[in-house]
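This report walks through one protein model. It begins with a single pair of side chains and then widens the view.

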Amino acid sequence: MASWPIFSASGWARYFASVVPLTNCLRLVIHGLSLATDEGLIKSVTREGKPEELLRGPLYYVLVLILCAVLFWRESPVGVISLAMMCGGDGIADIVGRRFGSTKLPYNKQKSWAGSLSMFVLGFLVSVGMLYYFSALGYFQLDWVSTVERVALVSFIATMVESLPITGMVDDNISVPLVSMVVASLAFAY
């Protein structure tokens with residue numbers, strides 16, 4: 001997403017920007033189906049070292065990146081916020097939760113207060129930072145007081161959804177960005 005501004009103003013730029021994530025998508029499918037082997041890839045993006053894990057969280061991650069590039073591109077804060085919540089917020093929640101998450105949430109013993117708090121804070125900060133970046137480059141004209149309030153709302157709701165005990169049903173690389181898209185679409189509807 002941070003590289004989107006280097007692409008041209010062409011209507012095709014969003015699709016060209018999706019080539020790298022699409023390539024990664026194909027790579028994940030090929031290795032996830034064990035049509036080829038890449039132990040480095042498997043070790044770097046899976047938790048248990050099983051190739052089929054590539055077909056879940058990591059694959060969803062690149063599919064959401066493609067979706068945000070194609071649907072929202074540089075024209076809407078919705079894609080920026082959705083990706084910031086998935087990459088920045090949810091990405092750090094797992095790391096902080098595993099390292100410092102001894103106090104678990106009362107309704108989900110798989111999640112911690114530390115992980116959830118870090119998701120909210122970093123998701124919020126990355127979202128605001130990326131919105132500022134795109135605004136400074138002229139892509140968005142935002143009222144910053146209301147933008148900060150709306151981003152806080154999106155961050156809070158996305159954090160609540162990520163904390164729910166639904167991981168067995170829906171991967172958070174799907175639920176977090178999709179909820180972020182819906183809430184941000186409503187919050188930033190002009």
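## A charged pair

D94 forms a salt bridge with R47, and their closest N and O atoms are 3.3 Å apart. A salt bridge here means a side-chain nitrogen of Lys or Arg within 4 Å of a carboxyl oxygen of Asp or Glu. The pair links distant parts of the chain, 47 residues apart. D94 sits in helix α5 (residues 77-100), while R47 lies in the loop between α3 (39-45) and α4. Helices are DSSP runs of H or I with at least four residues, and strands are runs of E with at least two, numbered from the N terminus. Side chains of opposite charge can pair when their charged atoms come close. The whole structure holds 7 salt bridges.

## About the model

The model is predicted: local features need pLDDT of at least 70, side-chain atom pairs count only at pLDDT 80 or more, and totals for chains, interfaces and linings use all residues. Residues are numbered from 1 along each chain as its sequence is written, and side-chain values use heavy atoms, leaving out hydrogens and water.

The protein divides into domain 1 (1-73) and domain 2 (75-189). These bounds come from an automatic or database domain assignment. The contact (heavy atoms within 4.5 Å) takes 17 residues from domain 1 and 22 residues from domain 2. The domain centres, taken over C-alpha atoms, are 20 Å apart.

About 1700 Å² is buried between the domains, with 72% from carbon and sulfur atoms. Buried area is the accessible area (1.4 Å probe) that two parts lose on being put together, summed over both. M1, Y61 and F72 supply 36% of the area that domain 1 buries against domain 2, more than any other three residues. Across this interface there are 2 salt bridges. Helix α4 (residues 57-71) gives 8 residues to the side of domain 1 that touches domain 2, the largest share.

## Annotated spans

An unreviewed UniProt entry annotates residues 54-73, 79-96 and 117-140 as "transmembrane region". Such annotations may be inferred rather than shown by experiment, and positions follow the numbering used here. Residues 79-96 are 100% helix and 0% strand, with end C-alpha atoms 25 Å apart. Residues 117-140 are 83% helix and 0% strand, and their end C-alpha atoms lie 28 Å apart.
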